[in-house]
Amino acid sequence: MIKAGTLYIVATPIGHLGDVSARAIEILNAVDKIAVEDTRHSRRLLKALNIEKPLVALHEHNEKDKGCLLLEEVQQGASIALISDAGTPLISDPGYHLVRSAHRLQIRVVPIPGPCAIIAALSAGGLPTDRFIFEGFLPAKKTARRKQFESLVNESRTLIFFEAPHRIKEAIVDMLEVFGGDRIAVIARELTKLYENIKQGSLCELLQAIELGAIPDKGEFVIVVEGDVRKKLPTTLTPEVEQLLKTLLSELSVKQSASLAAKITGVSKNLLYESALKLS
Ligand code: SAM
């Protein structure tokens, strides 16, 4: 059931038309108007769904002005849906200013969830999904791209990036240099489309696959990278272990004390040896 005076944020397919939800079709059929990123692109989608509605172009250049006019209509009782060229609006797509203003004006905003390249890549990529961060499109310039990777080198959450097809190899090369060749990543290409290709491997293996043409540099890409999961070794002793080490040092050599304390506590022998040297 459609509600008057409501702004609907409707997700549309990222490739496979069959992924449009029944609720999305219902809402798009029922609203007074649909705000779209690109009228020609959306007309094709809506035609395929047999939906005929007035369309309003809403893109990054006119979003603030056009958005105000649209929200005035919503305040007067109209129901409007926002869609983007593909996937979930606002996710690297227009709509942020519109939705923010709608909330300021106390307008009801209703999401109609559905396809999203980030979630599709994450769900099929086989990397930890409990905590992740989305970094959007990578910078086009090498220096900025490397800087971004360097700022993320110790990030333990799974990292998700969008990248253009012609820069996919450069991006993997930079990641490899900053994160190391052993870091596990996933290249998710053409999700839900005919040539869908999802490959997980070390950054070294993925680079090789690109160089061999096993991952073609064409189509749409999401890159998912495992976070920094190296075990961080403790660098200090707990007060209890330090007390034990002191007791042992009063009777034994540094080497013997460190070795015995390691056996008793399971703490790294190197750390105990360094600490014993300092204490002795
Ligand atoms: N709002 C969209 C969503 O929810 O997925 C994302 C829009 S963003 C402008 C477009 C980028 O998303 C592409 O350049 C690509 O990185 C990624 N993308 C979109 N569809 C994709 C697909 N079918 N397979 C892989 N990546 C895709």
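Modeller: The ligand is surrounded by 19 residues, and the closest are Ile91, Asp93, Ala117, Leu191 and Phe221; a residue is near a molecule if one of its heavy atoms lies within 4 Å of it. Please keep in mind that this is a predicted model, where local features need pLDDT of at least 70, side-chain atom pairs count only at pLDDT 80 or more, and totals for chains, interfaces and linings use all residues. Residues are numbered from 1 along each chain as its sequence is written, and side-chain values use heavy atoms, with hydrogens and water left out.

One belongs to Ala117, 2.7 Å from a ligand oxygen, and another to Phe221, 2.6 Å from a ligand oxygen. At Leu191, a polar backbone atom is 2.8 Å from a ligand nitrogen. Of the 570 Å² that the ligand exposes when taken alone, the protein buries 91% (Shrake-Rupley method, 1.4 Å probe).

Strand 7 (158-163) and strand 10 (221-225) are the elements that give two or more residues to the shell (strands are DSSP runs of E, at least two residues, numbered from the N terminus). By type, the shell holds eleven nonpolar, three polar and five charged residues, with Gly counted as polar. Domain 1 (6-115) and domain 2 (118-225) each supply at least three residues to the shell; these bounds come from an automatic or database domain assignment.

Methods. A polar contact is a pair of N or O atoms within 3.5 Å; within protein, one must be able to donate a hydrogen and the other to accept it, and residues adjacent in sequence count only if both atoms are side-chain atoms. Helices (H or I, at least four residues) and strands (E, at least two) are DSSP runs, numbered from the N terminus.
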